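Me: I have a new structure open and would like to learn how to read it. Could you take me through some of its features?

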There are 2 protein chains.
Amino acid sequence: MANHPDPHFAPEVFSAHSEFGANELTIGGCSAIGLAKEFGTPLFVLDELDFRERALAWKSALESSFGSHAGSVFYAAKSFISVEVAKWIAEIGVGIDVCSAGELNIALAANFPVDRIEVHGNNKSEAEIAQAIAVGVRSIVVDSFQEIERVARLAAAAGVTQNVFLRLTAGIEAHTHEFISTAHEDVKFGFSIASGSAWKAIEAVEEATSLRLLGLHSHIGSQIFGIEGFAIAASRLIDLLAKYRDHFDRQLPELDLGGGYGIAYLPGEESEVPMRVMSELAAVVKAECEKHNLQVPHISIEPGRAIVGPTTTTLYEVGTTKSVELDGGLTRRYIAVDGGMSDNIRPALYGAQYYALLANRISSRPTTSSRVVGKHCETGDIVIREIELPEDIGPGDLLAVPATGAYHRSMASNYNALPRPAVIAVKNGKARLILRRETQDDLLRLDVVEPERSI
Amino acid sequence: MANHPDPHFAPEVFSAHSEFGANELTIGGCSAIGLAKEFGTPLFVLDELDFRERALAWKSALESSFGSHAGSVFYAAKSFISVEVAKWIAEIGVGIDVCSAGELNIALAANFPVDRIEVHGNNKSEAEIAQAIAVGVRSIVVDSFQEIERVARLAAAAGVTQNVFLRLTAGIEAHTHEFISTAHEDVKFGFSIASGSAWKAIEAVEEATSLRLLGLHSHIGSQIFGIEGFAIAASRLIDLLAKYRDHFDRQLPELDLGGGYGIAYLPGEESEVPMRVMSELAAVVKAECEKHNLQVPHISIEPGRAIVGPTTTTLYEVGTTKSVELDGGLTRRYIAVDGGMSDNIRPALYGAQYYALLANRISSRPTTSSRVVGKHCETGDIVIREIELPEDIGPGDLLAVPATGAYHRSMASNYNALPRPAVIAVKNGKARLILRRETQDDLLRLDVVEPERSI
C-alpha cells in the first residue's frame, strides 16, 4: 500500500496511483521530479489506470444497478478529449458524447466505433449535422424545433432514418449539494416539459419520417453530490414517457439522464461513488416506472468530470515568491508558478478551489498563509486564493495541483502567448506524451500575409 | 458622413469606420454580409485605420501634454497581438509591452525595433530574461527581489548593463469610475511602497553593477475612467523619486504610469479621450514634481485595450432561436450564435456586458427581451445576458458584437474543440486575413503517438 510520510499529501484528492514516497510525489509510479525534467512544466500528468478504472467503475455501476435495463455510459468529451484518450474509451467499451465537429473528428481519428457516439449541442451547424449522419453516429440529441427540421431534412437527403433523443429541461438545476426545482429553466438548452414545448417536440419528431425517437434526455447541472436532483428530473421524464405511451400506444426505449457527478477538489472531500449513485438512481427509476406501469427503459449517463477530473495532476515549477503585507498587519506569501489562468481558468471563471502540494521534497518548516498565482499579466491570475503551504517553498520547487483533468486542458488558451502545456499519460513507472506541448512556432502558425480582397 | 438609418446602430460603440448603410453594417467600407461570405463566421473584423488612429491619438496626446518630457506609448501586447499588428505599431512609432517569450517572439517576427520593447511579467523565466537581454530590449520591468538577482546575473553574464524599471504598488486599485486607496495592495505584482520593499528594491538595483535603473513603474487597474487613481499613484511615485534624488543626489529619468484606460462597451458609453486624460495627468505630474523641486521625468504609458478594444467587431451567424417561458409569465428569447465563450470569455469571466446589432438587414419588427448565447455545451456560455433585439432575428442572420478587440482573440480557447476564429483587417473596402481561422487539422496537430519512457 501507499506510503504517505508527507503530512500534506491528501490521497483523496490525488489520482488513485499517486503516492508520496521517501522524498517526492510519484504518479503512476513516475517521479514528479523525473517527469518535470523529462517533459518540462507546466505539465498535465494523467494517471492512465485511474482513468480506465473510473470509466469502468461507472460502466459497472450502471450495468449492475440497472441490469438488463442498462444503456450506455457516454463519456463527455468536452471535459477532456484527445485521440489517445478516445482510444482508451473505445477499448473500455463505453460510448462518447461529442458536441462539435471538432470533438467528433477527434473520436473518428481514434477510430472510435461510430455506433457508440452521441452528438450534443444547442446550435449544431448543418455541416456538423450532415457529418454526424454521414458517419452513422448512434444518436443525435436534438435541442430545438429548428434542429428537428434540419436533422429530418438532412437525414432524408442522406436516405437514412436517424436515431434521435430530445433534450428536455425538467425544471431542475443542480450544483454541489443544492438543487433548484422550478417549473421553467432559464437556459439555452432543450425543450421545456412544463411549457408544453417538450410534447410539441415529441410530436414533431414523430411526424418526421426520417427520424426515429429513441428517448428523452436531461442534464441538470454540474459538480453535483447526492441524487435528489437526478431523482426529480427522472421522475418528470418518466411522467412524459407514460404520457407518450398513453398517446402513441408504445414505449420509448431509452432515457439519458446526463452527467454532472461531483468530484473531490480539496482534502476531506470525496468524489461521488458510482455504485452508490447508480444504485440509488436505479431504485428511483424503477419505482417511478412501476407507478406508471412502464417497462424500465434503457438508462444512459454522461459522466465527464467524474471520469477524467480526478485522474490528472498539474505539475508547476515555482519561479518567484514574495511576502506582501496586508492592511491589518497580516502577511500573505505569494508563490508564482510557470502557468496560471491559461491552463486553469476555473478559479477565475467559477471561483473554483484547488489544493497544492510541494511535490519534489518534504519540508519540515511551518506552513504560512499563501496564495498560488500564475505568470500572466493579470491580477486575477490566481490558481489558489488561500492555502497553507510550507514557508520555505521557493524557486525551483515543484507544486502539484490535483484534480485538474476536467475543463483545464480543454479550456486552455494562449493568453499572453503562453504555449499550452503537454499532457502525458503515466502508468507503472512509464510516461508517454499524448498531447505535445505547443512550441513558439505553433504560436506563430496562424499569422499570415495575404493579398487584400475587395469586399 | 456616415448614414445611420438603423435606429439600433450605436456609432459610439462600433469602430470609427463602421456605418450602417442602406441595408447592412459596413466596417472599413466592407459589407458585413460580404465579409461573412468570404471569411466565414465567427469572424473578428479589425478596423485598421481605427487602430492606427487610436494608437496615434495616444502618442500625440502624450507628446502634446508632456512636451519634451513625453516618454513612450507602449502598446500592451496582452490585449491582442499578431505579427501584422506588431508591424503597424512599429510603423506608427509607438513601443510595445510584452510579458512572455511568446509575445516577444511575435514582436521579433515583425522585426519590431528592439529599442522600443519593454518586458513585463511577475514570473519571467530565466530563459525569457536571457532572451530579452540578448536581443537588446529597451527595458525590463523587474517585479521581485529574486528577479533583480536574476536579471543582474544574466546581464553580467551577457556582458551588458541592462536598463530596468521597478514595478511598484502604490496602494491604488482602480476599475471603471471607482478606485481604492490603501496602504497595501494584496496583489502578486511589484514592490510595495508603503512596506519599504520598493526602497529596498531600489537599493538592490543600485548595488547591481549590471543594472541601470531607468525609472519607476506602476499599473493601477483596468477599464478605468477619470484620472483620480492615476493622480494619486503618480503622486506617490513622485514622492519616491524625490526620496531617491535626496538619497542618491541625482534624478531617475523616467516614470511609467501603466495602462488601464477605459473604453465604451455599451451604447451611451464613451471611451476615454486621450487628450483629456493626458493633459489632466500632465498637470498633476508637473505640479507634484514642482512641489518636490524635481525635473519632470519622461512619462510613459501602456494602453492596450484603449487602442485595440474599440477597433474590432465580432461577426456571428445565428443558428437557432427559441423562446423560453420564465417563472412569472415572462418570456426570454434565446438567440444562439456560432461562437461563444471560446472566442469571448469576458462575460463568463468578468460579467462583462456587450451590445449586439443585427448586421445583415434592417428589421422593422419590435424588439423583445433576448439573450445571445454561444454553441458551447455549457449553460454559462452567454455572450449577452439581456438585450432588446428585433423579434424576427433568426437562423442565417448576422449579429455584430462590437468592442471585441481586447482580451478576446488573445484569451480564446479551443473549448469543445471549436477552431479559433480568423482575424481580418479591413480598410477602404478591402479586407486582409491577418490571423487565419484554425482548421480541423490544426485541432489534431498536438496529438502524438510516442513510445513510453521510463521515469
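Reply: Let's begin with confidence: pLDDT is the predictor's confidence in each residue, from 0 to 100. Chain A averages a pLDDT of 96, and 99% of its residues score at least 70. This is a predicted model, in which local features need pLDDT of at least 70 and side-chain atom pairs count only at pLDDT 80 or more, while totals for chains, interfaces and linings use all residues. Residues are numbered from 1 along each chain as its sequence is written, and chains are lettered from A and ligands numbered from 1 in the order in which they are written.

Me: Which ipTM and pTM does the predictor give the complex?

Reply: The complex gets an ipTM of 0.96 and a pTM of 0.97 from the predictor.

Me: Which residues touch the most other members of the largest nonpolar core?

Reply: First, the terms. A residue is buried if 20 or more other C-beta atoms lie within 10 Å of its own, exposed if 12 or fewer, and partly exposed in between, with C-beta atoms placed from the backbone. A nonpolar core is a set of buried Ala, Val, Leu, Ile, Met, Phe, Trp, Tyr and Cys residues joined through C-beta atoms within 7 Å. Here the largest core has 306 residues, and Ile424(A) and Ile424(B) touch the most other members. Two residues are in contact if their C-beta atoms, placed from the backbone, lie within 7 Å. Leaving aside neighbours within four places in sequence, the contacts of Ile424(A) include Leu35(A), Phe39(A), Val45(A) and Ile434(A).

Me: How do I read a pair of helices?

Reply: Two packed helices are described by the angle between their axes and the distance between the axes. Helices (H or I, at least four residues) and strands (E, at least two) are DSSP runs, numbered from the N terminus. Axes are lines fitted to C-alpha atoms, for helices over the stretch in contact, and angles run from 0 to 180 degrees between N-to-C directions. In chain B, the axes of α8 (residues 228-248) and α9 (residues 274-291) come within 10 Å and cross at roughly 25°. Angles under 35 degrees count as roughly parallel, over 145 as roughly antiparallel, 65 to 115 as roughly perpendicular and the rest as oblique. So α8(B) and α9(B) are roughly parallel to each other. Among the residues that meet are Phe230(B) and Ile238(B) from α8(B), and Leu281(B) and Val284(B) from α9(B).

Me: At what angle do α5 and α6 of chain B cross?

Reply: The axes of α5 (residues 126-135) and α6 (residues 145-158) of chain B come within 10 Å and cross at roughly 45°. That makes α5(B) oblique to α6(B).

Me: Where is Thr176(A), and is it buried or exposed?

Reply: Thr176(A) lies in strand β10 (residues 172-176) of chain A. It is exposed, with 12 other C-beta atoms within 10 Å. Its phi is near 50°, a positive value in a residue other than glycine.
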